[in-house]
Amino acid sequence: MAHEHTADDHAHDDHHDHGPAHGWRRWVYATNHKDIGTMYLIFACVMFFVGGLMAMVIRAELFKPGLQLVDPQFFNSMTTMHALIMIFGAVMPAWTGLANWMIPMQVGAPDMALPRLNNFSFWILPFAFTLLLSTLFVPSGAPAGGWTLYPPLSLQGGDSFPMAIFAIHLMGASSILGSINVVVTIMNMRAPGVGLLNMPLFCWSWLITAYLLIATMPVLAGAVTMLLTDHFFGTSFFSASGGGDPVMFQHIFWFFGHPEVYILILPAFGIMSEIIPTFSRKPLFGYDAMVYATAAIAFLSFIVWAHHMFTVGMPLAGQLFFTLSTMMISIPTGVKVFNWTATMWKGSLSFEPPMLFALSFLFLFTIGGFSGLMLAIVPADFQYHDTYFVVAHFHYVLVPGAVFGIMAGVYYWLPKWTGHMYDMKLAKWHFWLSTIFVNVLFFPQHFLGLAGMPRRIPDYNTQFADWNMVSSIGAFGFGLSQLLFAYLIFSSIRGRANASDKVWDDATPHGLEWTLSSPPPYHSFETAPELK
Amino acid sequence: MAAATSGHDDRKRNVRRTALWLGLVAVAFYLGFIAMGVLRSVH
């Protein structure tokens, strides 16, 4: 008997979308949070290798004194593009990918609150980075004035200048829209019983990060819009010859730039607070304190910007204010490090790859934090400013900090996403090689900076030769080690041993994501889960 | 059933309202900083 379709059948179909579209439509028209999260993560991975190749060019040129591989203009383009790609193309999209995958599953929502906006946020990115990377092929070369885009230098960028400015606008729009989606999802889509003060700390750290993004990305957009009008429409916001003030650009830029550092690192704090309790087999020590510490770091990040500009010159009161406010950040950060350590204290620790990366993060990020304290002291900063000491400092924060945080998160949740466990032994090899080489790469840069080697130069005095060679060897080793990471992800997608629903069965993972199957169903929670 | 629909509508309204407010905050920061630049160059 033929089945007659009724209005009720259509209503039934509307409520049960049975799975993903097939072929390219699944990805181009994606509204599913997992599909969009996957696209973000793949995009970030590609950009990580593109930015990494640029780092290899930089370290190859610096392997020994003298100019051997590239001309100085191209070298400066490499440093500028490496930074822009790693910050906006690799780390930020990786965090957004993790947020897309995990936040709906952790708060018990069926999807992100605004799925179409989510699709739009992602698809802006490939266009933005195609535009940015295409500047490598314009006659004037890619932007070479540093990622900070200080005028008047950045205004001399030739044809690439407006392309880079437009690309930055697009990246900013993507970040703002993605952040709005995160805030709206967490504030409105939590399942019953998932309260603000019992949701996973990854959600908390992302919620605070999203607020930071919404407040600061428009500031960067405003700054580069003013640069654009200075260049093309005869305004003089930053042009001294027209009565403008180039130092104002630095103030505006760093009002964005310093919170940006925390945008890159706060989600890693959230991931640490997930992983360390799991593999310590203990609840997190001081949940509430962790939330308040994250919020305090975010607040303080708005009032420290001028510590990047001590050498520009400012009144003594300004120097004191920015020194003290910067040092105050160490208090909530110290609370976090103390709480992670206290979580491990007398715990039953095991050292799976996510935990290894978390421990490495804890030690090495703290080294970056300590060198940051040194840079906060005005007379010391006068010596260190624009030297390789600064390069070592922020790379310790961003590589074993943000990047290891991402890797820890991927190793933690990858079996949940794919349904397959990765090769644990190979992942430990990846950890050890990364941790050893990242120190070989960046620790000698402290010595170079303290000895006076300036940053952003393709050639240097022979007195710096030895440590530069060591640093370059570390860079090549670190770069090659990351091929293992790509292989492990690929092999987990292709399938090895099946992962259980809880994945880390002999540890104690908490959270709603572990109640779902591995891999989770296409629509995570069709009915709101009950939090026990 | 009616209560469930009303809850769904409420959530939809809250989602839109939150998104709109956050969008306005972003626009305010963008225009505000440009306005500050304009005011500073006027003086």
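B:Arg13 comes out as partly exposed at 46% relative accessibility (buried is under 20% relative accessible area, exposed over 50%, partly exposed in between, with a 1.4 Å probe and protein chains only). This is a predicted model, where local features need pLDDT of at least 70 and side-chain atom pairs count only at pLDDT 80 or more, while totals for chains, interfaces and linings use all residues. Side-chain values use heavy atoms, with hydrogens and water left out, and residues are numbered from 1 along each chain as its sequence is written.

B:Arg13 pairs with B:Asp10 in a salt bridge, closest N and O atoms 3.1 Å apart (the rule wants a side-chain nitrogen of Lys or Arg within 4 Å of a carboxyl oxygen of Asp or Glu). B:Asp10 is partly exposed too, at 34%. Over all chains, the search turns up four salt bridges. Another one joins A:Asp35 to A:Arg26 at 2.7 Å between the closest N and O atoms; here A:Asp35 is buried at 2% relative accessibility, and A:Arg26 is partly exposed at 25%.

Now for the interface. Chain B puts 17 residues into the contact and chain A 24 (contact means heavy atoms within 4.5 Å). About 1700 Å² is buried between the two chains, 78% of it from carbon and sulfur atoms (buried area is the accessible area, 1.4 Å probe, that two parts lose on being put together, summed over both). On the chain B side, B:Leu22, B:Tyr30 and B:Phe33 lose the most area to chain A, together 32% of what that side buries. One salt bridge crosses this interface: B:Arg40 meets A:Asp245 at 2.5 Å, N to O.

How values were computed. Chains are lettered from A and ligands numbered from 1 in the order in which they are written.
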